[in-house]
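The exercises below can be worked through with the sequence and the 3D structure side by side. Each one sets a task and then gives a solution in steps.

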Amino acid sequence: MKNLMFNDTISFFYYILLFAIYCFMGWTLEVIYRSIAQRKFVNAGFLFGPFIPIYGLGAFIIIVMQHFFQDGHLVARFIVFGLAITLMEYLTGFLSEKIFKMKLWDYSENKFNLHGHVCLHFSIIWALLALVFLRFVHPAVFQRVVLLDEEVAKITGIVFMIYFGIDYTFSVMSLAAFRKGVAYLYDQYFNLSSIEIEDILQSFQRLREAFPDLNKYVNQNINGRIKIKVDSFLKPLQEKIILEMEGRRPFEKEYYEAVQDILQHEEFLKLKDYFHHNSSIYHHVHDVAYLSYRISKYLKLDYRSAARGALLHDFFLYDWRNHDVPDLPREKFHGLEHPKIAVANARKHFSINDIEEDIIKKHMWPLTIVPPKYKESYIVSFADKYLSSREFINEYKKRINRRQGKKSAKKP
Ligand SMILES: [Fe+2]
Ligand SMILES: [Fe+2]
């Protein structure tokens, strides 16, 4: 196939138009891919407009390469194109990380990746796309573009260049604003109101949808750093309070008075029917509430809210191991959804304050991207994890013992 690109009778502006068209096609491809993955329309790429420059660049690179390898075997061209695009993707990823100090995409969890910038799986897809592009897309587009009137090509080319320059400048500024926003959110997190926090996160929404891997950046720079602080603050409690509390019952009168109305509520009592780790949800939340109460009291915090929030933190009425109920259809992920369901149930049957709501909503942190707002929420989240892992280990030990018991019973 003749290379249609090197036609020196056409002016520079035709190339600009081709570049714009291929950036637009790349954007369309990414929008379809991202929108299917996130089940809603996602404006892909880091430009505001419907263009992704890396696709235009990639298209030009393989068009030029085709010129040198047009007589090569299909397999050889597949490998060469794959390598060329991989190199381009690596350099773009490397440079954008150097310039913006963050990874726009990150393949580090994929097999056969190099520094997270490229991976074998996508390189194969790019090489296949390159072959399809050169065989079907480029010849058809090129033939139509060269038919355009020279003046029209010139004007549209210039308009595109101006637009591109403006969009690129604003997009780079928005990336810088994102980085600043994350740093500000970490610095001021506990001085900001929930609405202000939501607003800041909302302003990054477009970028986070277009580059879901940016959530890792948010996680590392907010959650990761907060977690280190919280851990160093909560770890010593294990020896001071938890060991002293081991096996201690009955619970204090003060604790009962704070939570009595919840414990006796008809709807709440239904939690006794649902399994959780090695007992019922009722028993699990009761234990978490009492531990949270003790820690909060020791630290002179709002122990009443801590106990009540903790008691309501898993207020969902279904079996999480095997669910397909109106509250949580099968395709939804229990881990992320149940705090929202618990908040809705808690609001329906009790009046809850801000601290209690934050406790329920964020108890799965750092699985949820927004960190807790109150110290009491960190305590409940810690108590929940601490007791859940213990319940889990106990259940596991029991099963092993049962199995060993059966085996030895079988032996003559
Ligand atoms: Fe939970
Ligand atoms: Fe829990």
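**Exercise 1. A covered helix**

Which residues of α15 are buried?

Solution. Before counting, note that this is a predicted model, in which local features need pLDDT of at least 70 and side-chain atom pairs count only at pLDDT 80 or more, while totals for chains, interfaces and linings use all residues. Residues are numbered from 1 along each chain as its sequence is written, and chains are lettered from A and ligands numbered from 1 in the order in which they are written.

Step 1: Helices are DSSP runs of H or I with at least four residues, strands are runs of E with at least two, and both are numbered from the N terminus. A residue is buried if 20 or more other C-beta atoms, placed from the backbone, lie within 10 Å of its own, exposed if there are 12 or fewer, and partly exposed in between.

Step 2: apply them to α15, which spans residues 354-362. The buried residues are Ile-355, Glu-356, Glu-357, Asp-358, Ile-359, Ile-360, Lys-361 and Lys-362, so that eight of the nine residues of the helix are buried and α15 is mostly covered.

**Exercise 2. Backbone exceptions**

Where do Arg-39, Lys-101 and Pro-366 lie in the chain, and what sets their backbone apart?

Solution. Step 1: recall that most residues other than glycine have a negative phi, and most peptide bonds are trans.

Step 1: take the two positive phi values. Arg-39, in the loop between α1 (12-38) and α2, has phi near 55°, and Arg-39 is exposed because it has 7 other C-beta atoms within 10 Å. Lys-101, in the loop between α3 and β1 (113-114), has a phi of about 60°, and Lys-101 also counts as exposed, with 11 C-beta neighbours inside 10 Å.

Step 2: turn to the peptide bond from Trp-365 to Pro-366, which is cis with omega near 10°. Pro-366 belongs to the loop between α15 and α16 (375-410).

**Exercise 3. A buried loop residue**

Is Phe-316 buried or exposed, and which residues does it touch?

Step 1: count neighbours. Phe-316 is buried because 24 other C-beta atoms lie within 10 Å.

Step 2: list the contacts, not counting residues up to four places away in sequence: Asp-327, His-338, Ile-341, Ala-342 and Asn-345.

**Exercise 4. The overall layout**

How many helices and strands does the protein have, and how spread out is it?

Solution. Step 1: the protein has 16 helices and four strands.

Step 1: its radius of gyration is 29 Å, well over the 22 Å that the globule rule gives for 412 residues, so the protein is more spread out than a compact globule. The radius is taken over C-alpha atoms, and the rule is 2.2 Å times the number of residues to the power 0.38.

Step 2: consider the domains, whose bounds come from an automatic or database domain assignment. Domain 1 is 12-173 and domain 2 is 237-403, and their centres, taken over C-alpha atoms, are separated by 49 Å.

Technical notes:
Two residues are in contact if their C-beta atoms, placed from the backbone, lie within 7 Å.
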